[in-house]
Amino acid sequence: MSIFFHEQLYRTKAVMAKLKNYPIIICGAGALGANIAENLARSGFDKLTVIDRDRIEERNLSTQPYYRSDVGAFKAKILANNLYRAIGTKVDAKTKELTPTNTTQLLKDSQLIVDVFDNSVARQAVKDYAQQLSIPCLHAGLSTDYAEVIWNEFYRVPSEVNDDVCDYPLARNLVMLTVAVACEAIVSFIAIAEQRNFSITQKDLTVQSLFL
């Protein structure tokens, strides 16, 4: 029986074949990025690249799929190791900082980019690269009890003020809800070429489509 037996029953074999062979680059391996990567891998995606220069800190453990023994190690490397051990998915882990000068190197051959970086400089670099080359790019971000999942055409890079999401109040439930919405937006795009934008609020557990 396939690891993805239940997913295949829901998505159909044709859609699962698309997901398996669709290359995705995930920019960030923090609260959103690491969980999105894991969710996509466990949903049948087999061509994932993760870019993140950061190392795991103890404060990451409540919202990110890492262990106490991982503290101090590179997030992208540990994420790749964990997913290979769990389900055999080989994630290409890049432990480099993405900047406006190396986007071509790090994002080359990308067919879909998922931006979940925690700083505006890197987000702007990803947005500009995707726009210039007409590459589909989905941005996901959160703050306190609100989150957005928005495709590149309508995305606006946030202000550089308070530009470290790790210092914000952050609930795991909002993270996981945003991850589920982002992953479903990715699957919908690949399956039926539909780009759907969403807002998410935790206090009322509301997920709303954004018509921008």
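Contact here means heavy atoms within 4.5 Å. This is a predicted model, in which local features need pLDDT of at least 70 and side-chain atom pairs count only at pLDDT 80 or more, while totals for chains, interfaces and linings use all residues. Residues are numbered from 1 along each chain as its sequence is written, and side-chain values use heavy atoms, with hydrogens and water left out.

Let's start with D54, in the loop between β2 and α4. Helices (H or I, at least four residues) and strands (E, at least two) are DSSP runs, numbered from the N terminus. Setting aside neighbours within four places in sequence, D54 touches A73, F74, K75 and D118. F74 is 20 residues from D54 along the chain, yet their C-alpha atoms are separated by 6.0 Å. D54 has a relative accessible area of 27%, so it is partly exposed; the scale runs from buried (under 20% relative accessible area) through partly exposed to exposed (over 50%), using a 1.4 Å probe and protein chains only.

N60 is also found in the loop between β2 (48-51) and α4. With a relative accessible area of 3%, N60 is buried. Neighbours within four places in sequence aside, N60 is in contact with R55 and K75.

Now for the helix packing. Two packed helices are described by the angle between their axes and the distance between the axes. Axes are lines fitted to C-alpha atoms, for helices over the stretch in contact, and angles run from 0 to 180 degrees between N-to-C directions. Take α3 (residues 31-41) and α4 (residues 75-87): they pack at about 25°, with axes 11 Å apart. That makes α3 roughly parallel to α4, given that angles under 35 degrees count as roughly parallel, over 145 as roughly antiparallel, 65 to 115 as roughly perpendicular and the rest as oblique. From α3 come A34, A37, E38 and A41, and they meet L79, L83 and I87 of α4. The residues of this contact divide into six nonpolar, no polar and one charged. For these classes, Ala, Val, Leu, Ile, Met, Phe, Trp, Tyr, Cys and Pro count as nonpolar, Asp, Glu, Lys and Arg as charged, and the others, Gly among them, as polar.

What does α3 do with α7 (residues 172-192)? Their axes come within 9 Å and cross at roughly 50°, which makes α3 oblique to α7. On the α3 side the contact is made by A31, L32, N35, I36, N39 and L40, and on the α7 side by V175, M176, T178, V179, A182, C183 and I186. This contact divides into 10 nonpolar, three polar and no charged residues.

Helix α6 (residues 120-133) comes next. Its buried residues are S120, A122, R123, A125, V126, K127, Y129 and A130. The elements covering them include β1 (24-27), α5 (103-107), β4 (113-115) and β5 (137-143).

Strand β5 holds S143, which is partly exposed at 36% relative accessibility. S143 and T201 are 58 residues apart in sequence and 9.9 Å apart in space, C-alpha to C-alpha. In the loop between β5 and β6 (146-151) sits T144, which has a positive phi of about 55° although it is not a glycine. T144 is partly exposed, with a relative accessible area of 40%.

Another non-glycine with a positive phi is D109, at about 65°. D109 lies in the loop between α5 and β4 and is exposed, with a relative accessible area of 70%.
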